[in-house]
Amino acid sequence: MMAYEISLLIVMGISITAGLSLNLITGFCGQISLGHAAFMGIGAYTSALMTKNGLPFFPSLAAGMLTAGIAGIFVGLCSLRVRHDFLAITTMGVGFLFLGIVRQQDALGGEMGISGIPDPGLGRIGFLLFVMGCAALVVYLSLYMKRSWLGFAFDAVADDEDTAGMLGLDVTQFKLIAFAIGTSLAGLAGGLYAHNIRFIDPDSFGFVESITVLSMVVIGGIGSVWGVVIASAVLSVLPLWFQFIEDYKLLVYGLLLFSVMRFSPGGLSALCFNIFSFFRKKLT
Amino acid sequence: MLFVELLVQGLLQGSIYGLIAVGLTLVYGLLRILHVAHAGLFTLGGYICVILTNQTGSFLLAVLASMLLVGITGMLIYRICYQPILDQPPFVPLIASIGLFIAMEELFRIFFGAYGLSFTELPLQEPLPFLQVSLKQAEWLTMLMSVGFVAILAFLANRTKLGLAWKATVTDPEIASSFGVDIIQVRYLNFFIGSSLAAASGCMMAVLNNLVEPTMGSVPSYKMLAIIVLGGLGNVRGTLIAAILLGIIESYGTIYLDDLLDRDSIAFVFLIIALMIRPQGLFQRT
Amino acid sequence: MNHLLQVHSATIQFGGVKALQDVSFHLDQEDLLGLIGPNGAGKTTLMRYVTGINDSKTGHVELSGLKISGLPVYQRVKLGISMSQQLVRPFKSMSFLDNVVFAAGYHKTEKPWKTLFIKSRIQEKQRALTLLERLGIADMAMEMPEKAPLGYLKRLEVARAMAIDPKILILDEPLAGLNQREAEKLADTLSQLNQQGQSMILIEHNLREVMRICSRLVVLDNGRLLAEGSPKSVLSQSHVQEAYLGKELHVNP
């Protein structure tokens, strides 16, 4: 395989992990987040600082997941106070808070970021396989969760949390679980990102990145695992494919986001479903 | 007099935030859309203002034309983009709006270049001392406009038939329509006024910086969201107060908290603390 | 001997309006208590006070002698108070069956972390089907609630409330939206359930059915307790007839 294709696949794998991690929170449990990139950032910074100080790759990655998950539980606690649009804005605030702190701390590299992050030592193919393995695990976890009672309870919380409470569900705990799992997986994606590019700075985890992850979830079709997988894979490499229209690529990206929402608000999964049922009607 | 200077800077910044956020809160109050593309209208307003001032030589004419044109653009955006997806969950219009905003920024760049435009002759630069504070005309006008427009809005909302219809629609669309209020008309009007305010804000921003550029809306695009939340979503007066408060806090914060946090995160620390104490925003919905 | 449920001087204010003023009543094991009163009398507010949706610092609620005021809603539900809402709120993303299956799995969702490792829904499905059949809406099991008629959604609410095996089943106007035949049938079902030992509180405007199946009545008017006792004795009181029945209905006690 060519080096270029390997890089492309690695990027896809990482963003599938990131997209599905947000899908657990927003898609499954119904808690909207506009600051998801911050948790990827926490995972990335934690693991990068550790490997730079000579610690091995895998424990560092795990530590990144842990710190991101802990931060996620804190934000989850916020989600207990505020709902819906207020929650969206609060999580957006958390994202900017993360950036603000990182920018002003020299220990975290400040504006300059952290460069020279060591290679994980798996070789490019090895790293690709590891990333794909992670993505596959997260896909499996998502599919499994959907069929478990945890997924069932998430459905209820996303649908109507007051009613879920009236049926004896401890809504608080379920929200915290969603945030804990979702954000630690975001930390995993962040750690992989840091050790793929081997350079991170605050802008790698800004507002635009949070929006990008959210659009992967929404365009895929909120809550639909395969829809999000496809949307994440496509959206992550879209800017690269659009190289030939160089100057217009962001314009096309913006119009694409807009058009999907405007013409198929249920995202790609709803679009496919509609096309499928259209043809089935034609055939019968 | 660093203290006074910072206060004035804060008031100025707060007024710019206020104009744009008041427009947004109108839209939010009625339709519950987090209308990020509002910041694109702000940029559009600035561009129209600079171009027309340079063409005609009249700043006043340019501002009025900008407010009118952007107001109409706002109504078109409502009709074409939002109306068909109003019954969708809130993140659908949100993402659509973000996509639209990105596209708008790109269009400005493609048509007018990445480095932006300036006035050939910058208007309103005469210093105008008042109460020992010496500011330029443009700066006075900015502050005056934000307070003035909110006062006019409050007057219209309380004294005119259309204003009362608007208030009734915000409170309860169903009851309003049963009283014979034309809700669709109110929505268009709402988008028109909200968007013109964004344009006014963009015009003043253009004069204060003597620059319009494609990305001038990106900081307002998220900060205005924080402000309308603090102001108690849909509350016009609360939004203006929150905007000015935020302007002042940022102004002092960038001097005294700079080692710890940057400008944006000061705003959001303020936001998060405020929301944890008062989950409904600083001010109640009206 | 403690009552199953005892409410002590419940008082609730909304803004300046007193929705409930010093209301006390009790429910005994295997009672079917009818809670009646004109619109706006505070019936729903009183029940929301019991379940904890509306809480207030004055007064308190005891369940089998244990004080439950101050506990969040879901904990009171776990202790055995279940309420079906007057305004139906089905989970819109789930079929009729799944709505009830979810409720019936209350013991599976008790320990949130363990739910990830539980998958089987077989028992809950059977229980849910039984409930849907009992309430006469089994034909809708696979349908989504969105387009269902109100009468069906009302009974779905009841089925869900029953599915969590409560000590006290509170039903807020379950008969509204049903035609006379359906109402009679549902009232029979409730009465049967009560005879099998289920304690119940029924908020209802359909006085004919209330008179037929309730063992005791509590009457509210303007947020105050107006009367309580056996249906006959309550409805024969002149101030009850004045406040409530005089202007609306004439029933033969």
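**α1 against α9, chain B.** I started with chain B, where helix α1 (residues 2-31) packs on helix α9 (residues 218-230) at about 65°, axes 9 Å apart. Axes here are lines fitted to C-alpha atoms over the stretch in contact, and angles run from 0 to 180 degrees between N-to-C directions. So α1(B) counts as roughly perpendicular to α9(B) (that label covers 65 to 115 degrees). I noted the crossing of α1(B) and α9(B) as right-handed (near helix turned clockwise from the far one by less than a right angle). On the α1(B) side I found Y17(B), I20(B), A21(B), L24(B), T25(B) and Y28(B); α9(B) brings P220(B), K223(B), M224(B), I227(B) and I228(B). Contact means C-beta atoms, placed from the backbone, within 7 Å. That contact splits into nine nonpolar, one polar and one charged residue.

**Ground rules.** This is a predicted model: local features need pLDDT of at least 70, side-chain atom pairs pLDDT 80 or more, while totals for chains, interfaces and linings use all residues. Residues are numbered from 1 along each chain as its sequence is written, with chains lettered from A and ligands numbered from 1 in the order written.

**Chain A to chain C.** I looked up this interface next: 22 residues of chain A touch 24 of chain C. α6(A) gives the largest share of chain A's side, seven residues. Chain A's side has twelve nonpolar, five polar and five charged residues.

**Domains of chain C.** I have domain 1 as 1-80 + 166-253 and domain 2 as 90-165, from an automatic or database assignment. Their C-alpha centres lie 25 Å apart, and twelve residues of domain 1 contact twelve of domain 2.

Note on methods. Contact = placed C-beta atoms within 7 Å. Helix = DSSP H or I, 4+ residues; strand = E, 2+ residues; numbered from the N terminus. Nonpolar A, V, L, I, M, F, W, Y, C, P; charged D, E, K, R; others polar. Parallel < 35°, antiparallel > 145°, perpendicular 65-115°, else oblique.
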